[in-house]
Every structure is written in structure tokens, then in C-alpha cells.
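Colleague: Please walk me through this model, one feature at a time. I would like the general idea, then the case.

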Amino acid sequence: MSSGLRVSYFHSESVGGFYYGRGHPMKPPRLSLTHALVKAYGLDRQMEVYSLRRATVEEALLFHTPEYVSFLAELDGIDLGSPPRTLPPATGLVLAPRDPYSARLARCFPPLGLPMASTSRSPRPSSLSHGRQAGHGHQGCLTPQVSQQSAEDLAAAKKALEESMRRHNLGHDDVPVFDGVLDFSLLSSGGSIDGAARLNAGVCDVAINWSGGLHHAKKQAASGFCYMNDIVLAILELLKFNPRVLYIDIDVHHGDGVEEAFYETDRVMTVSFHMYGEGFFPGTGAREDIGEGEGKQHAINVPLRAGIDDRSYAYIFKPVIAAIIESYQPTAIVLQCGADSLGCDRLGCFNLTIGQHADCLAFVKSFGIPLLVLGGGGYTVPNVARLWTVETATVLDVELTNDVIPYTEHFDLFGPSFKLIPDTHAGIANLNTRTYLDKMKSDILQQLKTIPF
Ligand code: V1S
Ligand code: CA
Ligand code: ZN
């Protein structure tokens, strides 16, 4: 071990094998690519590496509604009513067979043109495209019972299904119903919950789950590529032993699902730095949103404009976080490290370098408070792997030199620079003026002063 810090790291190869559908920006193979780079630098030998455990349905129900979880299970062809109620642990195999869990919706109602993004699309062509295939073709899958159903029964079933899809915000471009969607969500959540549990037990100082950080999922609805809110579940685990938990979100998007979950409690303080305005998703996270009831003043929003660079980000991030930690005195911190705040991200519009993003993590870590580090967004896949590898090294206090990355089977994806830390400056103008940032900083410091600690 290099830093003296005890680091628990959660990963299973199976999580990189899921597929959101053709053209979808969320690419789970980025998790396999990250782990391959982490291993290529030998970082896995300096921490404890654990396989992802699937969260149990009971754990998921600590936040999500039974109706929503059942519906996700139904879509994934899993019968929650019959034992085993929990899924078996992840195998770590990339090509894990889908059959036990893939009695797909598609097989029941194929002729009616249901919105099933991945099932009707061809598998992705990426060089990291091993793993699960998109849903199997559904032609010829009608069972005799189904084919004997009356047209009215099928129409009624279709209507009920569409209504459930609408109610749970599922099945459109952002949140397609892909093969293994519940499985993927339970794996991501299991890693975050187990990281929190190890911190609670005092057996590690920092826990890392790059497959977590899915901050948009709501109690009973999917949103923005997220189906299950692993962060909320992990914070609930931390709250078993911690009086106050601080959540910090540096994904370019607003951490709305986490904010909403803890909006009315003072046991969790949520802080999100995000792009705000110009119709940017999800559109929430105004400076004025500060929490309600017992939670009033315990939600902190830092809405930013496009193009923020390293200097401006550090200028707002460091004093705000230092003041929050000083006044709130959290006993555990969860840091969502969405990589879409980097410059050159496919969906983002900030201009951060890998160095600055990792500096934010180093700054948070420097307070010496038990820390759960999670992934999140990140859509320029090789840069996601670069960032989260550098951040794993940051947690371990290992300095990685900015040379050509070590050779792996995925080396070609890192061109044309093949460097660990390429120039990610996107050339977008920084619309965050000094005056704007100063006003925001003083507003936030003022907000903190109104909290009776
Ligand atoms: N920005 C953006 C964006 N791009 C897409 C998208 C593009 C192609 C597809 F095939 C599917 C989706 N969706 C969005 C955003 C959602 C961003 C979610 C970020 C998630 C996270 O990084 O914070 C955490 C993992 N959705 C929208 O902007 C909504 C739309 C309004 C526009 C785009 N269309 C496709 C859906 C509706
Ligand atoms: Ca954010
Ligand atoms: Zn994001």
C-alpha cells in the first residue's frame, strides 16, 4: 500500500457488458476500460478489490417503491414473488448467460410495437463490445397461450404496460428498457452500499465504486440514464452509523435525485456543482433551491455557466467545500465524480482538465473524513477511463506520469495522443465571470451562516 490509506475498490467485469442501445451515449464498457487501465498501472495491487454484489430487492426498497422495483423486475423477466428473492452474486464473467433472467417483455407482446429500445436494435460495434448482446430477436417467441389471447386482452395489457412505462418514466431515449436493466442497477447499487458498509465498519478509509454515481433516479421513476439511485441507497447505509453525511456532486449535471431524496432532512447536506440554463438537463438546481422543513439550508446548489475552466472551478469549489465541511462537520462524505465535467465530453460543456477534476477529489480527501467515491456521467469513453484511473491513483497517493499509457488490448482507443492526460480543453468560452462566481460564493457562505450548528 502506498498512502497508508485503506482503500476498498468495487468492480466486476459483468457490469461493463450491458448495452443501453444503439446511439445511446451511456456506455457501460467504459467501466471495463477503466478497470483495464487501473490494472495496467498496477493500482489494483495497492488496494482491496471486491466483486460487485447485487443489491437485494429489500435493499432497493429502502428508497424505491415496491411498484417501481417490481416493474423493473417484470421488464427484466424476474419473478420477485418466487424464491430466491435475491439474485445470485455477480460471477465476474463478461459473457454471463442471460437466460435465467431474460424472459423478456418482447417475448410476450412482440407484435404491438412496444417501445423497447435495445431489443429492436443491433448490438454495438465497439471494440469493447464483448459481453451482453442486446435483446434477442423476438420473432417466433410467442408462446401458444399468448397467441390464443383475445385481441382485447392484448390491447388492455398493452395499455397497462404503456401506462406503467409512463408512470415510471421508462422506455424513451434517455432511459430505454435494455436487457438486464434491473441486474445492472442492482450491481451498481450493491457496490455503493458495500462501500458505505465498509466505511461504517471502519475497515477502510476510502471506498471506490466507478459503476455507481447514478444520481438522477427517483423513488419511483427512472431519469437521465439512471434507474436505481445507488447514491441514495449508500447514504442510507451511511446514516445507520453517521449523524451527518455530506454529498458532493461534480458531474456536469445537477444531482437532482439525491437532492430530492434528502431535501427535508438535516442529516444529509447535498452540494451540486452543475451547468445550469440554456435548457441543459435536468433543468433543476437553481441557487434558490436550499431544502425544506428540517432540511432547509441543507441543499446547496452551485449553478454554473458553460465553459468553466480549471481556475474558475477551483476558485469556487475549494472555498465553498472548505466552508461547508467546517460548518457542517460531516462524519462521512460521498463524492460523485461524474466525468462529463471534463472538457471535450460528448454531452458536457465544461472545460475541466483531468488534473483539476482529480484535484477536487484530492481536496475532499485531504479532510481525512471517511469517503465514498463514485462514478457518474462521462461520455467520451477513453477520457472517462483516464480520469477514473488518475482518480484511483489520487486516492492511493500514487503519482502517475503523463507518458504514453501502458499497452493493453484497448490501446488503440486512446489515440491519437495515447497519453494518460491529453489536452481536454474544448475551446468553449468561459461564461462564468469573476463577479458571478464571487456573488455565488458569498451567497453560499451566507447560507451556511443561517444554519444553527
Ligand atoms: N445532454 C444530453 C442528452 N443526450 C441524450 C441522449 C442522446 C442520444 C440518445 F440515444 C439518448 C439520449 N439525453 C440527454 C439528456 C440526459 C442526460 C443524462 C445525464 C446523466 C448523468 O451524466 O448526469 C448521470 C449518469 N436528456 C435530455 O436532454 C432530454 C431530452 C431532453 C433531449 C434528448 N433526447 C434524446 C431525450 C430528451
Ligand atoms: Ca453536479
Ligand atoms: Zn452527467
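**Helix contacts, sheet and ligand shell**

Colleague: Which residues in α10 meet α11?

Modeller: Contact means C-beta atoms, placed from the backbone, within 7 Å. In α10, D310, Y313, A314, F317, K318 and I321 meet Q356, D359, C360, F363 and V364 in α11. This contact of α10 with α11 divides into seven nonpolar, one polar and three charged residues. Nonpolar here is Ala, Val, Leu, Ile, Met, Phe, Trp, Tyr, Cys and Pro; charged is Asp, Glu, Lys and Arg; the others, Gly among them, are polar. Helices (H or I, at least four residues) and strands (E, at least two) are DSSP runs, numbered from the N terminus.

Colleague: Where do the coordinates and numbering come from?

Modeller: This is a predicted model: local features need pLDDT of at least 70, side-chain atom pairs count only at pLDDT 80 or more, and totals for chains, interfaces and linings use all residues. Residues are numbered from 1 along each chain as its sequence is written, while chains are lettered from A and ligands numbered from 1 in the order in which they are written.

Colleague: At what angle do the axes of α10 and α11 cross?

Modeller: Axes are lines fitted to C-alpha atoms, for helices over the stretch in contact, with angles from 0 to 180 degrees between N-to-C directions. Helix α10 (residues 310-328) and α11 cross at roughly 15°, and their axes come within 10 Å. That makes α10 roughly parallel to α11. The classes are roughly parallel under 35 degrees, roughly antiparallel over 145, roughly perpendicular from 65 to 115, and oblique for the rest. The α10 and α11 crossing is right-handed. Right-handed means the near helix is turned clockwise from the far one by less than a right angle; anticlockwise is left-handed.

Colleague: How does α11 cross α12, and which residues make the contact?

Modeller: Helix α11 (residues 354-365) crosses α12 at roughly 30°, with axes that come within 9 Å. So α11 is roughly parallel to α12. The crossing of α11 past α12 is right-handed. From α11 come I354, H357, A358, L361, A362 and K365; from α12 come R386, L387, V390, E391, T394 and V395. By class, the contact of α11 with α12 has seven nonpolar, two polar and three charged residues.

Colleague: How far apart are the axes of α1 and α12?

Modeller: Helix α1 (residues 29-40) and helix α12 (residues 381-396) have axes 8 Å apart, at an angle of about 45°. That angle makes α1 oblique to α12. Again, α1 passes α12 in a right-handed crossing. R30, L33, T34, L37 and V38 in α1 meet V381, V384, A385, W388, T389 and T392 in α12. This contact has seven nonpolar, three polar and one charged residues.

Colleague: In what order do the strands of the sheet run?

Modeller: Strands pair when DSSP finds at least two bridges between them. Here eight strands form an open, parallel sheet: β2-β1-β3-β8-β7-β4-β5-β6. β2 (48-50) and β6 (299-304) are the edges; each has a single partner strand, so one side of each is left without a neighbour in the sheet. On average, neighbouring strands are turned by 15° against each other, direction ignored. β1 (residues 7-10) runs parallel to β2, joined by three bridges. One pairing is Y9 with V49 of β2.

Colleague: Which residues come nearest to ligand 1?

Modeller: Near means a C-beta atom, placed from the backbone, within 6 Å of a molecule or strand. Of the 19 residues around ligand 1, the nearest are D173, G224, H253, F281 and G377. The shell divides into six nonpolar, nine polar and four charged residues.

Definitions and conventions:
Contact = placed C-beta atoms within 7 Å.
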